[in-house]
Amino acid sequence: MIQIFTPADVKRIAHLQPEGWENIIPFFEFYSTSGFCHAIKIEDNDHIGAVGSLILMGHTAWFAHIIVAPRMQRKGLGSLITRELISFAEKNGCKTQLLIATAMGLPLYEQFGFRRSCDYLYYQQHAPGEVSPSPRIRPLATDDARRLLGLDHRATGEDRSALILPHLTNGWVYVSSDRTSLRGYFLPGLGDGTIIADN
């Protein structure tokens with residue numbers, strides 16, 4: 001039976017950690033305490049057998065961390081979680097539904113009508129060399145919020161304000177040569193350090 005994933009469940013999911021993935025615990029702490037997220041679980045004999053979450057961004061829903069315990073795989077739990085999240089997204093008016101699929105999960109998502117639209121590239125971080133910062137880069141100011149959210153909406157097509165606003169206490173912006181428009185931003189506290197630019 002599908003249930004809401006609560007903050008108390010976070011300490012019960014270490015066994016779901018997929019090999020090679022970033023630690024899932026902080027993500028589920030975030031999903032279970034953020035009002036624009038919907039996290040669910042399936043329990044089996046007082047053990048969490050599967051989880052999944054949805055991040056609602058206006059008319060867009062992102063599916064995240066759909067995971068089935070190894071001993072519970074191939075029993076349809078991934079399909080149950082996915083179907084429930086699709087239903088929730090549709091009830092909340094999310095016309096666009098997105099996810100990042102692993103090779104293992106791709107066939108399941110294709111059964112639900114998801115189709116490949118692009119590839120994501122993941123880079124490894126190395127120590128930077130000598131860098132001369134551009135004079136057009138400056139610390140984020142309080143009055144940048146509206147322009148930053150506008151830039152983000154133009155770049156992503158999503159209303160991510162609920163996700164972004166808590167991170168506007170620390171960041172950097174890139175401005176036009178005449179300093180009148182915001183051309184890009186960097187929020188080190190958002191995800192792995194989000195960078196968005198207008199070109």
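Tutor: We begin with the elements: helices are DSSP runs of H or I with at least four residues, strands are runs of E with at least two, and both are numbered from the N terminus. What you see is a predicted model, and everything that follows should be read with that in mind.

Student: How many helices and strands does the protein have, and in which order do the elements run?

Tutor: The secondary structure comes to five helices and nine strands, and from the N terminus on the elements run β-α-β-β-β-α-β-α-β-α-α-β-β-β. The C-alpha atoms fill a box of roughly 60 × 40 × 35 Å, taken along the principal axes. Of the contacts with a separation of 6 or more, 56% are accounted for by residues 24 or more positions apart.

Student: How should I read a sheet, and which strands form the open sheet of five?

Tutor: The general idea is that strands of a sheet pair through backbone hydrogen bonds, in either a parallel or an antiparallel way. Here an open sheet of five strands has the order β1-β2-β3-β4-β5, with mixed pairing. Its edge strands are β1 and β5, each of which pairs on one side only, and the twist from one strand to the next averages 30 degrees. Helix α2, residues 77–91, packs on this sheet and touches β1, β2, β3, β4 and β5, while its direction makes about 25 degrees with that of β3.

Student: Is β2 mostly covered or mostly open?

Tutor: To answer this we need one cut-off, namely that a residue counts as buried under 20% relative accessible area and as exposed over 50%. By that rule β2 is mostly covered, with six of its eight residues buried. For the protein as a whole, buried residues make up 37% of the 199 residues.

Student: Where is N45 found, and what is its phi?

Tutor: N45 is found in the loop between β2 (37–44) and β3 (47–57), where these two strands form a hairpin with two residues between them. Although N45 is not a glycine, its phi is positive, at about 50 degrees. N45 counts as exposed because its relative accessibility is 67%.

Student: Where is the place of H65, and is H65 buried or exposed?

Tutor: H65 is likewise a residue other than glycine with a positive phi, near 50 degrees, but its place is in strand β4, residues 60–68. Because its relative accessibility is 16%, H65 counts as buried.

Student: What is the order of the open sheet formed by four strands?

Tutor: Those four strands have the order β6-β7-β8-β9, and their pairing is antiparallel. The edge strands are β6 (137–139) and β9 (194–197), each pairing on one side only, and the twist averages 20 degrees from one strand to the next. Three bridges join β6 to strand β7, residues 172–175, in antiparallel fashion, and P139 stands opposite W172 in β7. Helix α4, residues 145–156, packs on this sheet and touches β6, β7, β8 (182–187) and β9, its direction making about 95 degrees with that of β8.

Student: Which residues form the nonpolar patch on the surface?

Tutor: The patch is formed by I100, Y120 and Y122, which together have about 370 Å² of accessible area. One of these residues, I100, lies in the loop between β5 (96–99) and α3 (106–111), and I100 counts as partly exposed because its relative accessibility is 43%.

Methods:
Residues are numbered from 1 along each chain as its sequence is written. This is a predicted model: local features need pLDDT of at least 70, side-chain atom pairs count only at pLDDT 80 or more; totals for chains, interfaces and linings use all residues. Side-chain values use heavy atoms; hydrogens and water are left out. Patches are made of residues with over 30% relative accessible area and no salt bridge: like charges are joined within 9 Å, nonpolar side chains (Val, Leu, Ile, Met, Phe, Trp, Tyr) within 5 Å. Accessible areas come from the Shrake-Rupley method with a 1.4 Å probe; for residues, only the protein chains shown count as cover. A salt bridge is a side-chain nitrogen of Lys or Arg within 4 Å of a carboxyl oxygen of Asp or Glu. Buried means under 20% relative accessible area, exposed over 50%, partly exposed in between (1.4 Å probe, protein chains only). Two strands pair if DSSP finds at least two bridges between them. Contact means heavy atoms within 4.5 Å. Axes are lines fitted to C-alpha atoms, for helices over the stretch in contact, and angles run from 0 to 180 degrees between N-to-C directions.
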